[in-house]
Every structure is written in C-alpha cells, then in structure tokens.
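Subject: Structure handover

Hello,

Please find the structure below. My notes on it follow.

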Amino acid sequence: MAMPKKGSRLITVDGTIYRWRVRHKPTYCQGNGWTPLSFAVERAEKPGRVLVVTLPCARPDNWLGERTIAIHPILVVGCIRRAVKQGWESGQPGSAFTLTITEDELAELLGEPPQYLIPFSLGHDPRRWRHRRPPSMHSDLEPRQAEHRPGTF
C-alpha cells in the first residue's frame, strides 16, 4: 500500500525521488511522549518497502511539552542514505524497514548538535494544533519563527 500523497514531500537522494511524511496526528502513545517522533519514506515511483525512521525525541505536538526537533531535508537525506547502507531496498516489496536514530547519530546526520525545541516554552498551546501544524513541523530549510499576537498563545 502506497503512502498517502497528501501531506507528503518529495526529496531526491542520489538520483532517486522519494516521498516522505510525518503522521498527520499523533497516536495516543506519541501524544503522551511514550513513543518517539518518526517519519516514513518510500520511493515516489514504483514504491516498495517503506522506511520508518525513529528519532530520539517526541513529536512537536506531544501533549506534555517534551523536547522535539524540526525535521529538515538534510536529516531526511542522511537517514535515507544510512538506511540504504544498512540494506534498505526501496524498490523491493516487503515489510517496513526500521531505522532508529540515536542522539549521537542525530548530531552526525545534522552536521551539528540538534536544536531541540520545547513546545510550551515557545508559547504554543498544542490544543490549538488540531487545525494547523505547529511551526516546528514545517520542513523548510530555515526554521519558522513563531508569530505572537497579543492575547493569543
């Protein structure tokens, strides 16, 4: 079964086009910070085995304000390359290939120590994130600045 196109982003790595996405809503365990932030990757054309990448932090919309990061293209590229080295064959059918990233590996993939965010410290109220993605979930190359309007969170 192919990954939904809605909410996914395309990225080219070493001549192959992939589609990647973060689950739209957190699971109950992710919302509580019990399971970490993850994203899925598959080939854009002729999808086969899906790659599931697990990161050493919580989702940005977790309900407890646990630390998180923004997923930038450089991280996605690094994870895809690492998974290929570890045997992920994106064009072959099969069950999901899981890649678990540690704290040390995260810094290595980013080329610098990760810039963790604490959602509540940014003045964000996760209860309002039902209808829009929090700023830290955007995958632009530059992190977005949170807008602050008087009288809002």
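Which residues are buried in helix α3 (residues 103-110)? They are L106, L109 and L110. An α-helix has 3.6 residues a turn, so residues three or four places apart point the same way. The face of α3 turned away from the buried side carries D104 and E108, which are exposed. Buried stands for under 20% relative accessible area, exposed for over 50%, and partly exposed for what lies in between, with a 1.4 Å probe and protein chains only.

Some background before the rest. This is a predicted model, in which local features need pLDDT of at least 70 and side-chain atom pairs count only at pLDDT 80 or more, while totals for chains, interfaces and linings use all residues. Residues are numbered from 1 along each chain as its sequence is written, and side-chain values use heavy atoms, with hydrogens and water left out.

Overall layout

The protein has three helices and five strands, in the order β-β-α-β-β-α-β-α from the N terminus. Both kinds of element are DSSP runs numbered from the N terminus: helices are H or I with at least four residues, strands are E with at least two. Of the 153 residues, 42% count as buried. V76 and V41 are 35 residues apart in sequence, and their C-alpha atoms are 8.6 Å apart in space.

Aromatic rings

The whole structure holds four aromatic pairs. Rings of Phe, Tyr and Trp (its six-membered ring) pair if their centres lie within 6.5 Å; planes under 30 degrees apart are stacked, over 60 edge-to-face, and the rest tilted. W20 and F39 have ring centres 5.8 Å apart and planes at 70 degrees, so this pair is edge-to-face. W20 is in strand β2 (residues 16-21) and F39 in strand β3 (residues 38-43), so the pair ties together parts 19 residues apart in sequence. W20 is buried at 6%, and F39 is buried at 2%.

Ring pairs also link Y28, W34 and W63 into a cluster. With L64, these residues form a nonpolar patch on the surface, with about 520 Å² of accessible area together. Patches take residues with over 30% relative accessible area and no salt bridge, joining like charges within 9 Å and nonpolar side chains (Val, Leu, Ile, Met, Phe, Trp, Tyr) within 5 Å. Accessible areas come from the Shrake-Rupley method with a 1.4 Å probe; for residues, only the protein chains shown count as cover. Y28, in helix α1 (residues 28-31), is exposed at 56%.

Charged groups

There are five salt bridges in the whole structure, each a side-chain nitrogen of Lys or Arg within 4 Å of a carboxyl oxygen of Asp or Glu. One of them joins D14 and R81, with the closest N and O atoms 2.9 Å apart. D14 is in the loop between β1 (9-13) and β2, and R81 is in helix α2, 67 residues apart.

Another joins E103 and R67 at 2.1 Å, N to O. The charged end of R67 also sits over the ring of Y116, 3.9 Å from its centre; this requires NZ of Lys or CZ of Arg within 6 Å of the ring centre and within 35 degrees of the ring normal.

R82 pairs with E105 at 3.3 Å between the closest N and O atoms. A network of salt bridges links R82, E105 and E108.

Regards
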